[in-house]
Amino acid sequence: KTADCLPILVIGKHGYALLHAGWKGIQQEIINQPIIQSITPITFFIGPHICSECYEVSPEFINEFPNSVNFNNFGNKILFNLSKETNLQIEKSFPNCKIITSKICTFTTKSFNSYRENKTHLRNINIFSHFS
């Protein structure tokens, strides 16, 4: 279940993983957990999440990702691109993997639940199904 966080499907040579990655998970490099490495990832799919144009953060938040190039100033707002930050981590750790990123923003797409948009406690259910 996610609202604005990133649902990440990892398809590997030796299995699958479905991750719920918010900024703390990305900061702690959830992508590099031993269980993820053990499945030998070949494809990452990042599902619907809050987009960079809607993810406003505080000036203090920059300290959470001090080396990041994924902050943008827009007027008096600081915006963070969590998806790009995640992509960079994937590319660094798994350079030969394919990365597919959904363009659906949970904040602006009314058929999705967004905590930042209206403080809802409802969540989006992310399901992966594999058919042989």
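The structure holds zero disulfides, a disulfide being a pair of cysteine sulfur atoms within 2.5 Å. Cysteine 54 is in no disulfide, and the nearest cysteine sulfur, belonging to cysteine 51, is 3.6 Å away. For cysteine 105, the closest cysteine sulfur is again that of cysteine 51, at 3.3 Å, which is too far for a bond. Cysteine 54 counts as buried at 18% relative accessibility, and cysteine 105 counts as buried at 4%. Here buried means under 20% relative accessible area, exposed means over 50%, and partly exposed lies in between, with a 1.4 Å probe and protein chains only.

Before I proceed, a word on the basis of these values. This is a predicted model, in which local features need pLDDT of at least 70 and side-chain atom pairs count only at pLDDT 80 or more, while totals for chains, interfaces and linings use all residues. Residues are numbered from 1 along each chain as its sequence is written, and side-chain values use heavy atoms, with hydrogens and water left out.

I turn now to the strands. Helices (H or I, at least four residues) and strands (E, at least two) are DSSP runs, numbered from the N terminus. Two strands pair if DSSP finds at least two bridges between them.

Strand E1 covers residues 6-12, and six of its seven residues are buried, so E1 is largely enclosed by the rest of the structure. E1 pairs with strand E2, residues 15-21, in the antiparallel sense over seven bridges, and a hairpin of two residues joins E1 to E2. Within that pairing, leucine 9 stands opposite leucine 18 in E2. E1 also runs antiparallel to E3, with five bridges joining them; there, valine 10 has phenylalanine 44 of E3 as its bridge partner.

Threonine 43 also lies in strand E3 and is buried, with a relative accessible area of 16%. Leaving out residues up to four places away in sequence, threonine 43 touches Leu9, Val10, Ile11, Cys97, Lys98 and Ile100, where contact means heavy atoms within 4.5 Å. By comparison, the C-alpha atoms of threonine 43 and asparagine 72, 29 residues apart along the chain, are separated by 28 Å.

Which strands make up the open sheet of three, and in what order? The order is E4-E6-E5, with antiparallel pairing. E4 and E5 are the edge strands, each pairing on one side only. Two bridges connect E4 and E6 in the antiparallel sense, and valine 57 has isoleucine 78 in E6 as its bridge partner.

Next, the nonpolar core. The largest one has 27 residues, and those with the most contacts inside it are Ile8, Val10, Phe44 and Phe80. A nonpolar core is a set of buried Ala, Val, Leu, Ile, Met, Phe, Trp, Tyr and Cys residues joined through side-chain atoms within 4.5 Å. E1, E2, E3, E6 and helix H3 (82-93) each supply at least two residues of the largest core. A search of the whole structure finds nine aromatic pairs. Rings of Phe, Tyr and Trp (its six-membered ring) pair if their centres lie within 6.5 Å; planes under 30 degrees apart count as stacked, over 60 as edge-to-face and the rest as tilted. This pair links distant parts of the chain, 19 residues apart: phenylalanine 61 is in the loop between E4 and strand E5 (71-74), and phenylalanine 80 is in strand E6 (residues 77-80). Phenylalanine 61 counts as buried at 9% relative accessibility, as does phenylalanine 80 at 1%. Both belong to one aromatic cluster formed by Trp23, Tyr55, Phe61, Phe65, Phe71 and Phe80.

Finally, I consider two serines in loops. Serine 52 sits between strand E3 (41-46) and strand E4 (56-57) and is buried, with a relative accessible area of 15%. Apart from neighbours within four places in sequence, serine 52 is in contact with Leu79, Phe80 and Asn81.

Serine 102 is found in the loop between strand E7 (98-101) and helix H4 (115-118). Is serine 102 buried or exposed? Serine 102 is buried, at a relative accessible area of 12%. A polar atom of the serine 102 side chain lies 3.1 Å from the backbone nitrogen of isoleucine 104. Setting aside neighbours within four places in sequence, serine 102 is in contact with Phe45, Ile46, Gly47, Pro48 and His49.

Technical notes. A polar contact is a pair of N or O atoms within 3.5 Å; within protein, one must be able to donate a hydrogen and the other to accept it, and residues adjacent in sequence count only if both atoms are side-chain atoms.
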